[in-house]
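User: I'm new to this structure and would like a friendly walk through it. Could you take me through it step by step?

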Amino acid sequence: MMIDTYLMFLPELLRGAWITIKVLLLSAVFAFLFAFAAGLGRVSRFWIIRFLMGALVELFRGTSLLVQMFFFYFALPAFGMELSPFAAGVLALSLNYGAYASEIVRGAILSVPGGQTEAGIALNMSRWQRMRLVILPQAFRLMLPGFGNNAIELLKGTSLVSLVTLADLTFQGRILKDNYTGDQVEIFTLLLLLYFVLALPLIFGARWLEKRAAKGVAAR
C-alpha cells in the first residue's frame, strides 16, 4: 500500500524535478560566467573596476536570496521590467551564487605563487597572456572544490523559486501536501530522496574533476 502511495505521487514530483533541473543548469552557467567576470574584475589593475565589481558582489552576498528573488519578480514591474517566475528565479540564483563563487575565483588567483607571474614577465608575456596561460590553469584546480560545494548549494537554493509560483520540485510537493494532508510523510520523504538523487551527479562530478586535475598536476 505504501509503495502504491509513493508511485501515485512520483509523476507529479518528477514534473517538478524537470523544472528544478532546468533552473539549476541555467543558473549554474550564468553563475559561473558572473563568478569569473567578477573574480577577474576584483583583481584588475584598474581601481574603478575593482570598486564596481566589489560593490556588486557585496550587494548580492550581503542581502537575502529570497528578498532578491521577490525584488526581481514583484518589484521590477514597477520599473517597467516584468520577468516570468522562471527568469526571476534564474536571475536571482545566478547573481547570488555567482557572487559567492567570485570569491572562490579571486582567492584561487591570489593563491598562485608570485613566482609564476615573475616567470611570465621574464618570458615577455603580456598581462592577459600571463593570466590566461600561467595563472588561470593553476588557479582553476584550486577552484574545483569550492565550485563543487557551490553547485550543491545552488541545487538546494532552487527550492526558493517555488515562492515566486514556479512549479518546481518543492512547489509540486507543497501542492500534493495540501491535497493529500494524510500522506505528508510519503510526500516529503520522496522530496528528500529526489533532491538527493539530483545532488549525486554534482557530488561525483566534482570529485571526478578534482581527481583529473590532481592527476594532471602529478603528470607534469
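**Getting to know the model**

User: Which residues does UniProt list for "transmembrane region"?

Analyst: The listing comes from an unreviewed UniProt entry; UniProt positions follow the numbering used here, feature names are shortened, and annotations may be inferred rather than shown by experiment. Residues are numbered from 1 along each chain as its sequence is written, side-chain values use heavy atoms, with hydrogens and water left out. This is a predicted model, where local features need pLDDT of at least 70, side-chain atom pairs count only at pLDDT 80 or more, and totals for chains, interfaces and linings use all residues. The record gives residues 16–39 and 187–206.

User: How far apart are the end C-alpha atoms of residues 16–39?

Analyst: That span is 100% helix and 0% strand, where helices (H or I, at least four residues) and strands (E, at least two) are DSSP runs numbered from the N terminus. Its end C-alpha atoms lie apart by 33 Å.

User: How many helices does the protein chain have?

Analyst: Read along the sequence, the pattern is α-α-α-α-α-α-α-α. There are zero strands, and the helix count is eight.

User: Which helix has the lowest mean pLDDT?

Analyst: pLDDT is the predictor's confidence in each residue, from 0 to 100, and the protein chain averages 90. Among the elements, helix H3 (residues 65–75) has the highest mean, 97. The lowest, 78, belongs to helix H5 (residues 114–122).

User: Is Ser94 buried or exposed?

Analyst: Ser94 sits in helix H4 (residues 85–111), and a polar atom of its side chain lies 2.6 Å from the backbone oxygen of Val90. Buried means under 20% relative accessible area, exposed over 50%, and partly exposed in between (1.4 Å probe, protein chains only). With a relative accessible area of 5%, Ser94 is therefore buried.

User: Which helix gives the most to the nonpolar patch?

Analyst: The patch, about 530 Å², is made by Leu26, Val29, Phe30, Phe32, Leu33 and Phe140. Patches are made of residues with over 30% relative accessible area and no salt bridge, joining like charges within 9 Å and nonpolar side chains (Val, Leu, Ile, Met, Phe, Trp, Tyr) within 5 Å; a salt bridge is a side-chain nitrogen of Lys or Arg within 4 Å of a carboxyl oxygen of Asp or Glu. Phe140 is found in helix H6 (residues 127–157). Five residues come from helix H1 (residues 2–41).

User: What is the relative accessible area of Phe140?

Analyst: Accessible areas come from the Shrake-Rupley method with a 1.4 Å probe, and for residues only the protein chains shown count as cover. Phe140 is partly exposed, at 35%.

How values were computed
Polar contact = N/O pair within 3.5 Å; in protein donor to acceptor, adjacent residues only side chain to side chain.
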